[in-house]
Every structure is written in C-alpha cells, then in structure tokens.
Protein chains: 2
Amino acid sequence: MTTARILDFLRTRRPDGPCLVVDLDVVRDNFVSFRKALPDSSIYYAVKANPAPEILRLLAGLGSNFDCASVAEIEMALKAGATSARVSYGNTIKKERDIARAHALGVTLFAVDSHEEVEKIARAAPGARVFCRVLTDGEGAEWPLSRKFGCVPQMAVDVLVYAHQLGLVSHGVSFHVGSQMTKLDAWDAALSDARRVFDKLAQQGIHLKMVNMGGGFPTRYLKDIPTAQAYGQAIHGSLRKHFGNNIPETIIEPGRGMVGNAGAIKAEVVLVSRKSDEDDVRWVFLDIGKFGGLAETMDEAIRYSIVTPRDGDEMEPCVLAGPTCDSADVLYEKTPYPMPVSLTIGDEVLIEGTGAYTTTYSAVAFNGFEPLRSYVI
Amino acid sequence: MTTARILDFLRTRRPDGPCLVVDLDVVRDNFVSFRKALPDSSIYYAVKANPAPEILRLLAGLGSNFDCASVAEIEMALKAGATSARVSYGNTIKKERDIARAHALGVTLFAVDSHEEVEKIARAAPGARVFCRVLTDGEGAEWPLSRKFGCVPQMAVDVLVYAHQLGLVSHGVSFHVGSQMTKLDAWDAALSDARRVFDKLAQQGIHLKMVNMGGGFPTRYLKDIPTAQAYGQAIHGSLRKHFGNNIPETIIEPGRGMVGNAGAIKAEVVLVSRKSDEDDVRWVFLDIGKFGGLAETMDEAIRYSIVTPRDGDEMEPCVLAGPTCDSADVLYEKTPYPMPVSLTIGDEVLIEGTGAYTTTYSAVAFNGFEPLRSYVI
C-alpha cells in the first residue's frame, strides 16, 4: 500500500531514526475522490489530522476549505493560501480572546454546542455565522467518540434560537459520526436529526442553510474499507431521504480520509526478547511508540498494517511496544500482532496508513526522544 | 499545597496560556528527605520525570546521580554538571549505536533484561557494568505497570551469567514496584527475589554488588501518602530481612517523588456547559488536557488536586475535559470531579502536584496548541 515514491525516498535518503513520509500525490488523489463522490459538498480539510505546510498548500491550491481547531491552525491555513472565507473555526471550545483573534483574521464561520459559547461569539465576533453540533452515538467508529462535543438536538434548537437573538447568523447544524467510521449508513440517523432541527427553527422563522456532516471517512489499515464513492452514494441517499428536494448546503471535513493512506512511518526494531523461557509470545520493541506519534494505538483502537523485510517467513504473535520507559508505551498486547519469527534487531519496518494523527500527537521530548520527523514529498 | 513562591510568581508574571511552575526549593527538600530516609542508598534522579535544566543543575550540585532513558538525557545530565560515573543508562531497550554513544560519553552502567541486550552492550560498551531488571507484579501502584520491562528471576540469572561470559561486569539486579506506589511493603517481595538471584549467581562464582530498587515513590495528589522516612524504614527492614548483615550497595530512582509536588499547572476554564437540559453533570473544559501534558489522566489513573478561586462554594460533580478536538481528550468522566457550582468561564485553576510527567508528555502541536510551557523558579 505504501507508494513507490515513499519507498524510493526511504531507499535514497536513508533517514536515521523514526520518520513519517507523506506522498502528496495520494493526498491529491484523495481530494479528487472526495470531490467526485460528493460533488455538491464543500470539502473542509481537518487541519489537525496533519498540518504539514506542503499538504495545506496543495489543498489550498486545489480549492479546499479548512476546518481549524485553533487560531494557530487558522493562521497555517491562511499562510498556505486559503482566504478567511474558506476557514471554519470548528472547535466548540474556544477562548473568547481566540474567537476575537479569528474574527480579526476575517473568519466568519464558527462551531458552537452551548449557550455559553454563543455568548462569547456574539461578543467577540458579532454578526458571525454559527452552526451547532449535535451529539451522535458514534456506533461503528473505531476511534472512540465520547459525549465531549455536541448537545442533544432539542438543545441545539435552543442554542441556535439564542444565537439568532444575539444577532448572530444561525447558519446550520453539524455532527460527527466518529472517526474511522466503516459503516456506510452512519450518517443517516444524524441527518434525520439535522432535518428535525431545521424544521423546528423554520417554525420560529429561522431558516438554516447548511449541514456540516463532519469527518469519519476511514483509512485502510488491516481491513478493507468502502470507497469514497460508496460513502458519497450513501450520504446522498440519506440527504434525499430526509431533505427531499430541499437539500441544504453541505460540508464534509475529511482528515484521516484525506491524508491517512498518504503516509508511512519508517521504524526500526530495537529489541526482540522474551520475559521467560516459558513465554510463547515474544516482545518486539520499536523505536516509535505511543508517545512518539502512535497515540491512536491507545486501547489498541487503531491497528496499523506493518510491513517487515521478512514478510513471507513463518509468523508468530508478538507483543509490540515502544522505546520509552513508560510501561503504558505498549502498542498491541491484548491482541498480539503477528510478526515474522525471523524478525531481527535492526530490521526496518513500515507502519502504513500513518499520514493522519501521528506527527502532531508526538510528545515534545518524552524520555529525551525527539518528536516524530516528517518528510512531505 | 502549592508554595507561596509559585503563587507569587503567577500573581506577578501573569503568564498567558497554560503553564507549569516548578519551585526548586521543594525539589531540594525532597532530595534531602530521600537522603535522610535512605542514607545508605545512592539517589539516581529519573530524568524523564522532568528534565528541566534548572532541576538537573540543582540535583547535580546536591550530589545526585542520574537515571537516563536515552542518549539525549545522558547529555542533559552531563551538561548539568554530573560526571559520567554518576549516570545510569536505565532503559532496557537501547539501539546498539546509542549504547556506543553512551560508552563514548563515559557511561559504564547499563540496564538489561534480555540476552539480546547483553550482546549489544558487550559489543558496543565492552567491560561495562550491567544490572538485570526483574519483573514485579506492580500491585498497589496507581500508574499501571505492564510486563514491558524486566524478565522472570530465573531468566535474570541466565542473563547475568551470559553477561559475565561476554566479558561484562554482572553488577546487580533492578526492579520497579510501579509508579505512585502507596504500599510501604511493596519492595519486600522484590528484594526477596533479588536475594535469590544474588545467591544463584554466587553459586556460579559471580558476586553481584548492587540492588537498584527503582522508583515508585509517590506524590501527594488527593490522598495522603506515607513520608519518605516511612518508605526508608520499610525498605531498610526488607533489606535487613533478606540480606542480613550483607546488605549490598543500593540505588533508588525517584522521579515523581523528587519533583511531582514541586510543580503546579495554571490553567483556565474555557467553557462550562451541559449537553442537554436534563443532564445533572456539567462539562468543564480547561485549556489543558491529555495531549497538553496531563497524559497521566489516561484511564483516569492519576487524579490531581485542582484548586479553584471559588473553593468553599457549593460543589457538584463535573466531567473535566481538555481543549482539543479529540474526543479522547477527557480527563475525568467515569468518576466525575467535584467543582464549585459557581465556577465560571475565564476562572484560573491550579492543578497541583504536576511537577513530574507533564511537560515531556505534552504533544508537539496537536490542534495547533503549543506544548506546555514551564517556568522553574
């Protein structure tokens, strides 16, 4: 799955230490696929997935919009060539002074999920458009979705009425079905909720214009995933079902789906050992772990595809762990990971599909290990 | 619990954004307490707990030794004024080229827990002293201890015999009872194991000299903890019980116990909201979370003491969460955290006992948020 360009880069440059290599051609292909799959939706790239300047510049050039979680991310998007009209401040938890900074930068679209956030925006970004995030159950997502973001639909109605009363533009509704969502029909129930919020506001003379359908589009790890086209068809079907001929403006916010499969991490086997002569499971220690960029292995949630130079040899289940002194820095233990019996200290492995949610999760310097380096080619 | 010096600093300097402030006077007091509690043990500060140069310089000046997890940490310890004789390379998972670098820097003491690691050290640091880490059960520790480090005692015997055969100095045994260990007798079983390893090697003519009793010494969070003196007495009792009049050299490696209570994080309430009108639990969002330095709230393991300007008002249980768009960035939800009903957006809170395992765990820039800043005063 790792591209020839990435393999060439690693062969030629031979970087020392763990690193992520991202192939921009794949990002471009992903963007085109999303545009084809949902031609009537605006694409807002979730910058948090991978804010590498080269990626942001490419996407800005392709006409992407940007979903930003902080003022720093807004500044990165603007620096990459996006106009402020193409930026959404999508975090529902913002300091009022950060809202004011975004407003000063020209941003006019903000996420909310509470009355309190609406008040901040009314004060710091008067006249801005807001969309209210609605809770979904996240069932079928491989990365846990908590109740952290969103409110129940009835409260969303109240929040948007309140925004209207405070002079803001009540623009729409958002939801997130959960990251790495492999169920095609996951958007359906949330779109049904969105329609109800539209109706209740219309009854009060407030006409919403937009549904932000969030991210959730997966990357292929070990299991096959549906195509962007299949997601597009399912989502379009649900939009028709719930909104009929009055389909509103829609937004999607792919992050993992845009860059996940564009990157691979090169890592090295530091140690292969056993804990006792009786153990039937070996321990394989890599030079990257939970605190070096693989945070999504938390609770063994994301299970990456790992390519070794000895694939094809006899395999046996191994516990896979990172290099730090933290006992929690274990990647796969409850469900051991099959690795070649012949795997040897010094072997280089490729952890595939790691273009999203790796570099930025990396710890500053835990155990003195430097943060994950990244090359965008 | 936060010192007057830290409170003064925050009042005077009023730093913007979340930050850690560490009071060196407390670190000095902790060092003196450990030295008094275990006068016959050498103190090796676990650099990973907090590698701030000011802390390392203070401890080097006080005569501390240093437990280092990487070459970068070794270089920090040397730069702070330690000699290489006062450094232990305590990570059992090392690249051979890093062992060679440590050897070149003059380090002569290395941790191992496998035959494979012994071979690397024999090649890259010939003649070095090694100690083998033995697995313990970690019962009673508040931060999970996995089987990641160490091997069973019988394998430790084999590993140390092998080290001897390869021309290394088989110097001793190490163990770690688990971080934030609040049971005084936790060291007893491990010391009994250590004694058995000593005996089995003596039968083969190899005379170990040292027991590295690791860290595990706690910081006071919400519950009271025993004093350093109480740990010293319990450990000394176990040493006497298992080694009689032949107590070997001993090492302790306090990290959390040395710096945890020396620091406090200043954070800000960004949002207080509910998810529905029926919810009886409010959500309190801070400008710091799991990816900004509070990684030890993983699985709600470490429960910090949080001081607010409205303590004394009526309290109610809250879900406490961080500022990032990651739904996993929730600090306390399973067991909600009591906070004042009057707590308001913009309030500054103090997260106490955060001098250890915070700055270095902080993510590079997740969501565009800068890493945790730190002031050592």
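Predicted model: local features only at pLDDT ≥ 70, side-chain atom pairs only at ≥ 80, totals over all residues.
Figure 1. In the domain assignment of chain A, domain 1 spans residues 90–254 and domain 2 spans residues 261–376. A distance of 35 Å separates the C-alpha centres of domain 1 of chain A and domain 2 of chain A. Seven residues of domain 1 of chain A are in contact with 13 residues of domain 2 of chain A.

**Figure 2. Packing of helices α2 and α3 of chain A**. Helix α2 (residues 24–37) of chain A packs with helix α3 (residues 53–62) of chain A at an angle of about 35 degrees, and their axes lie 10 Å apart. The crossing of α2(A) with α3(A) is right-handed. From α2(A), the residues L24(A), V27(A), R28(A), F31(A) and R35(A) meet E54(A), I55(A), L58(A), L59(A) and L62(A) of α3(A). Sorted by class, this contact of α2(A) with α3(A) comprises seven nonpolar, no polar and three charged residues.

**Figure 3. Packing of helices α5 and α6 of chain B**. The angle between helix α5 (residues 96–104) of chain B and helix α6 (residues 115–124) of chain B is about 45 degrees, with their axes 9 Å apart. Helix α5(B) is therefore oblique to α6(B). Helix α5(B) passes α6(B) in a right-handed crossing. In this contact, E96(B), I99(B), A100(B) and H103(B) of α5(B) meet E117(B), K120(B), I121(B), R123(B) and A124(B) of α6(B). The contact of α5(B) with α6(B) contains, by class, four nonpolar, one polar and four charged residues.

Key
Residues numbered from 1 in each chain as written. Chains lettered and ligands numbered in written order. Heavy atoms only, no water. Axes fitted to C-alpha atoms, helices over the stretch in contact; angles between N-to-C directions. Helix = DSSP H or I, 4+ residues; strand = E, 2+ residues; numbered from the N terminus. Parallel < 35°, antiparallel > 145°, perpendicular 65-115°, else oblique. Left-handed = near helix turned anticlockwise from the far one by under 90°. Contact = heavy atoms within 4.5 Å. Nonpolar A, V, L, I, M, F, W, Y, C, P; charged D, E, K, R; others polar. Domains from an automatic or database assignment.
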